[in-house]
Amino acid sequence: MKNLTLENIAAVTGGRYSGPDEKKAVEVTAITTDSRNVEPGGLFVAIKGERVDGHRFIPQVMAQGAAAAISEVDLGEQDYPYIVVESSLQAVKDIAEFYLKQLSIPVVGITGSVGKTSTKEMTYSVLSQKYRVLKTAGNFNNELGLPLTVFRLRDTHEMAVLEMGISHFGEMRRLAKVARPDTMIMTNIGDAHVENLGSRDGVLKAKTEFAEFLKPDGHVILNGDDEHLATVHELNGVRPIWYGLDKKNDYWASNLVSLGLKGTRCDLHTPLGNIAGVTVGMPGRHMVYNALAAAAAGVVYGLTLEQIKAGIESNETLAGRFNIIDTPRYTIIDDCYNASPVSMKASLDVLQDGTGRRVALLGDMAELGPDEKQLHASVGEHAARLNIDAVYTAGPLCKCLAQAARQGNPALDVQAFDTLEALQAALPSLLHDGDTILVKASHCMHFENIVAQLQK
């Protein structure tokens, strides 16, 4: 890993090196906080977790060939090198910030209340048509996950697409200090995390903290159809590039044709020209927004319109992120990784395009603050207006959703269960062969267990 010698690591973390002097010039080959993933020549960062203290594994990983360890504890005199730091988590961020500077590659950051991961995947798919790109894997988008993603970069990579997720003030600033983005894409400002951030205005303020570390010649790509983002006129002197369905934007879409659960066909309009007949392979108008954001990033980084179209059309879905699963009995819309009122309403809209009975299996949405019951009820009111057949819920908050759906449409089959387990037990009697089933809830509800159950 370029310039990541033990001597440099000690310097950038403000740590104290302990070990043989001749080892200071050793350049580590990888960095991890998981003792099970330590490779020969790698650096192990010991972190005290809620359940496990990584410091107990330092002797083990060193015996297995690790180059060195980072520790918050003075281990005394040892026959292996280690670096003592005040905070291992801060050390991880300091090392990642230093390492990314050594590589000098463009960084595209992705943030927003809803759609970060799907936009990240679409942007990666587009930019990969021209560059060797590293993207955030899984949910590695927080103050530990983002640095660990950075550590996967190698000299062969030409770009990084980094998802940046937050739930508190100050987090985005710390993430941006590591990433130093050249380009930031913001999807929208919703109700997610208002419990911590107070309001949508608070969400906007927290998510735009990245501006302090945005490159002066960088780019900001914003959803111009979002009423809060539309109030942003500049960030760190950078004027936004706008995308959305409305033609007032720099990048916009027209002639949208639903292909059911196979996606949407549309025409995209860009400053370089039009891209006709693009197939966005995931259902829902909100996925067209992702394609527009990715198209804007593609133009910024010099892709042709043909490359942008190829990238959009070759994008693949991820488990839990609007993944369509066909089984002998059901069509499952696996969107269970997370949920907010905005994303749940959008997913319900798409459910209408299913065949057979259209059934929504919904669970509680977390971190919505004092208005959480009202926000759940708003989803139920929305469901009542749609052309779907059944809503089955789990969790105490979703009782408000179920009640609102039942009141809004007495003909709708609505049942509310106290727990995930109670809903699971009832599913065999509730579901029919040929049903199209939406599975959606906040990650803490573990609705992935329902997806697994339906596939058996």
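Close-up 1. Leaving aside residues up to four places away in sequence, I312 touches M122, V126, L268, V278, T279, V280 and A291, where contact means heavy atoms within 4.5 Å. The model is a predicted one, in which local features need pLDDT of at least 70 and side-chain atom pairs count only at pLDDT 80 or more, whereas totals for chains, interfaces and linings use all residues. Residues are numbered from 1 along each chain as its sequence is written, and side-chain values use heavy atoms, with hydrogens and water left out. I312 is, together with I308, L348 and V391, among the residues with the most contacts inside the largest nonpolar core, which has 62 residues. Helix α9 (residues 285-300) gives the most to this core, with 11 residues. Apart from it lies another core of 59 residues, among them A68, A91, L229 and W242. A nonpolar core is here a set of buried Ala, Val, Leu, Ile, Met, Phe, Trp, Tyr and Cys residues joined through side-chain atoms within 4.5 Å, and buried means under 20% relative accessible area, exposed over 50% and partly exposed in between, with a 1.4 Å probe and protein chains only. In soluble globular proteins, nonpolar side chains tend to be buried together.

**Close-up 2. The open sheet of 6 strands.** The strands follow the order β15-β16-β20-β17-β18-β19, with mixed pairing; helices (H or I, at least four residues) and strands (E, at least two) are DSSP runs numbered from the N terminus, and two strands pair if DSSP finds at least two bridges between them. β15 (323-326) and β19 (413-417) stand at the edges with a single partner strand each, so one side of each is left without a neighbour in the sheet. On average, and with direction ignored, neighbouring strands of this sheet are turned by 15° against each other. Strand β17 (residues 358-363) and strand β20 (residues 436-440) run parallel and are joined by 5 bridges, with V359 standing opposite I437 in β20. Helix α13 (residues 398-408) lies across β17, β18 (390-394) and β19, and runs at about 160° to β19, axes being lines fitted to C-alpha atoms, for helices over the stretch in contact, and angles running from 0 to 180 degrees between N-to-C directions.

**Close-up 3. Strand β16 and its two partners.** β15 and β16 pair in the antiparallel sense over 4 bridges, and a hairpin of 4 residues joins β15 to β16. I332 in β16 is the bridge partner of I325. With β20, by contrast, β16 pairs in the parallel sense over 4 bridges, and D334 stands opposite V439 in β20. T331 and I333 point one way from strand β16 (residues 331-334), while I332 and D334 point the other way, and all are buried.

**Close-up 4. Salt bridges between side chains.** A search of the whole structure finds 18 salt bridges, each a side-chain nitrogen of Lys or Arg within 4 Å of a carboxyl oxygen of Asp or Glu. The side chains of R329 and D433 meet in a salt bridge (2.6 Å, N to O). This pair links distant parts of the chain, since R329 lies in the loop between β15 and β16 and D433 in the loop between α14 (420-430) and β20, 104 residues apart. R329 counts as partly exposed at 41% relative accessibility, and D433 as exposed at 56%. K399 forms a salt bridge with D418, the closest N and O atoms being 2.5 Å apart. Because K399 lies in helix α13 and D418 in the loop between β19 and α14, the pair ties together parts that are 19 residues apart in sequence. Both partners are partly exposed, K399 at 39% relative accessibility and D418 with a relative accessible area of 49%. Elsewhere, salt bridges that share partners join E97, K101, K177 and R180 into one network.
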